[in-house]
Amino acid sequence: MIEAQGLTKHYGSLVAVRDLTFQVSKGSVSGLLGSNGAGKTTALRMLAGVLGPTRGTVRLCGYDLIASPMQARRCLGYLPETSPLYLEMTTRQYLSYRAEIKGVAHSCRQAIVSEAARETGCEDILDISIGRLSRGHRQRVGLADTLQTNPPIILLDEPSAGLDPNQVRNLRELVGRLKEDHAILISTHVLAEVESLCTDVLVMHKGRLIANDSIEVLRARQGGAELRVTFRDPDQRVPAILASLNWQFCHEPPAADTKADTASSNGVAEARIRLTRSCSDTGQAIEQLIAALVTAGVGVRSVDRVATTLEALFSTLAQPDEDTTL
Amino acid sequence: MIGFCATFRREFASLWLSPLAWILLFALVVLQGAVFVSIVANFAATTEPSLNVGPLQAFYGQSVLVPLTYMFLCPVLTMRSFAEERRSGTIENLLSAPIGIPAIVLGKFAAALATFAILWLPSVAYPLILRQVVDIDWHTVATSYLGICGLGAGFLAIGIFCSVVARGQFIALVLTTSVFLLFLFLGTAQYAVDDGRLRLLCDQVAIQSQLAEMSQGIISLRRVAFDATLVALPLFLSTRVVGSWRWS
């Protein structure tokens with residue numbers, strides 16, 4: 001449904017987005033991740049037709065956004081960052097106006113507005129001026145506008161910004177219901193949101209797409225070899241053994257007087273370690289590690305495998321690298 | 001044109017929902033009343049009235065009333081049109097909607113023009129009042145309003161363009177006022193230059209000359225062509241510039 005091919009955007013000498021190629025199909029929710037300035041919002045604006053790409057193409061439901069802009073935009077519901085609205089209008093007037101410019105016939109408009117308001121919890125604020133609404137309510141009005149014509153493609157830029165925890169839960173439920181027959185792309189900083197909502201993850205870093213897969217595949221690619229180990233190491237041999245087998249502490253080894261990473265008691269320590277190289281058989285790597293520790297006289301008391309969090313994946317993927325200028 | 005009516009209604013409502021249009025209406029009615037009373041008093045005191053210029057010709061074509069309203073109404077009615085959309089970010093909603101940019105530009109222009117026309121509506125009372133004491137040539141009244149609205153449409157279109165190119169509404173207001181003052185200056189300069197061609201050029205663009213002609217019932221093709229250009233060119237350029245925002 002969403003097909004981006006070689007999407008590139010230059011601002012003078014700055015390359016905001018570089019050669020972005022991906023697809024989002026019906027029934028999937030993709031999370032667009034990236035640190036500030038990674039190019040997420042620029043990418044979404046290009047997908048929504050607000051910005052034209054310097055190079056590359058966007059196809060929405062098969063329609064090229066440049067060659068057939070009207071047909072392509074009819075397939076699209078787009079919630080921009082900060083949800084800009086006309087403050088002097090009431091929610092009902094605004095939604096009705098937006099329905100009209102999206103081509104909804106006058107006879108259907110009221111029903112569509114009411115349905116969108118019900119879906120997004122805006123029923124109580126339909127006749128209140130938008131200028132008097134809280135940020136969370138305004139976000140919901142923007143969401144109602146995005147969804148009201150039931151477009152097959154939904155682009156959401158930071159949709160949970162300004163929402164309270166209940167509203168965030170409602171949003172997640174709503175997206176969960178919508179994903180059956182929509183293609184949804186969500187740009188967000190909230191990794192927990194991506195883990196709970198998204199089937200796929202697109203990670204951008206300095207304008208480039210550096211990962212595009214399901215969360216499970218990304219975890220598998222990272223090796224998933226993160227362990228919580230409890231051990232007794234009177235001779236301080238563990239750091240050397242870890243280094244020789246391409247393992248490392250998840251954080252810097254703690255100083256003797258801190259408990260940040262390793263909890264020590266009576267010579268027994270607990271630490272989180274991870275494999276630093278990709279490995280097709282992580283089980284074998286774990287076996288080798290345990291054998292080496294035992295051979296060296298380290299008292300291994302327990303080994304637990306820790307599921308890799310999206311945060312860990314993201315911090316590993318988004319390493320600082322090359323310049324983004326031309 | 002999809003989106004034109006929706007844009008027109010939203011802009012029109014936006015202008016009248018704010019106090020701005022009502023303040024302008026009040027100020028204009030007071031100004032028109034003051035100018036009308038002064039003109040009528042002046043004519044009443046004249047012992048040798050001109051055959052060509054009656055109170056209505058003076059009111060519509062020779063007083064400072066119309067240029068003053070252009071200077072204040074047109075920039076104020078148009079300054080928000082695009083500058084505010086960009087500032088608030090609502091332009092993103094418009095550019096991602098399935099409507100064309102010409103519909104957006106024309107919708108905003110039509111709303112400003114309709115508001116301009118409504119602001120002038122109370123002045124229709126003055127010929128009706130004068131009708132009680134003298135015969136009124138309704139043809140000249142009609143051409144006067146045509147001239148006022150024609151030039152007004154031109155300056156509103158310029159105002160829309162200034163709002164498109166300006167970064168903020170205040171800058172748009174200053175730009176539109178500056179362009180109007182340039183036209184006013186060129187119109188006045190025709191009396192100061194001796195060169196035939198330059199003088200003719202100044203006369204072509206002189207808003208005072210057009211208002212004076214049309215208040216006497218004269219409609220010339222060159223004036224109509226000038227007004228049409230004054231409307232079409234800025235609106236066309238506005239459409240192109242808004243379209244270029246996608247590529248900036």
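With which residues is Leu156(B) in contact, leaving aside its neighbours within four places in sequence? They are Cys74(B), Leu77(B), Thr78(B), Phe109(B), Ala112(B), Leu113(B) and Phe116(B), where contact means C-beta atoms, placed from the backbone, within 7 Å.

## Model and numbering

The model is predicted: local features need pLDDT of at least 70, side-chain atom pairs count only at pLDDT 80 or more, and totals for chains, interfaces and linings use all residues. Residues are numbered from 1 along each chain as its sequence is written, with chains lettered from A and ligands numbered from 1 in the order in which they are written.

## Domains

Chain A has domain 1 (2-212) and domain 2 (223-307), with bounds from an automatic or database domain assignment. Their C-alpha centres lie 44 Å apart.

## Cores

A nonpolar core is a set of buried Ala, Val, Leu, Ile, Met, Phe, Trp, Tyr and Cys residues joined through C-beta atoms within 7 Å; buried means 20 or more other C-beta atoms within 10 Å of the residue's own. The largest core has 128 residues, and Leu155(A), Leu156(B) and Ala157(B) have the most contacts inside it. Helix H9 (residues 138-165) of chain B gives the largest share, 13 residues; helices are DSSP runs (H or I, at least four residues), numbered from the N terminus.

A second, separate core of 14 residues includes Leu242(A) and Val298(A).

## Helix H5 of chain B

In H5 (residues 80-88) of chain B, the buried residues are Arg80(B), Ser81(B), Phe82(B), Ala83(B) and Glu85(B). Their cover includes H9 and helix H10 (169-189) of chain B. Gly89(B), with a positive phi near 90 degrees, follows H5(B).

How values were computed:
Buried ≥ 20, exposed ≤ 12 C-beta atoms within 10 Å, placed from the backbone. Helix = DSSP H or I, 4+ residues; strand = E, 2+ residues; numbered from the N terminus. Contact = placed C-beta atoms within 7 Å.
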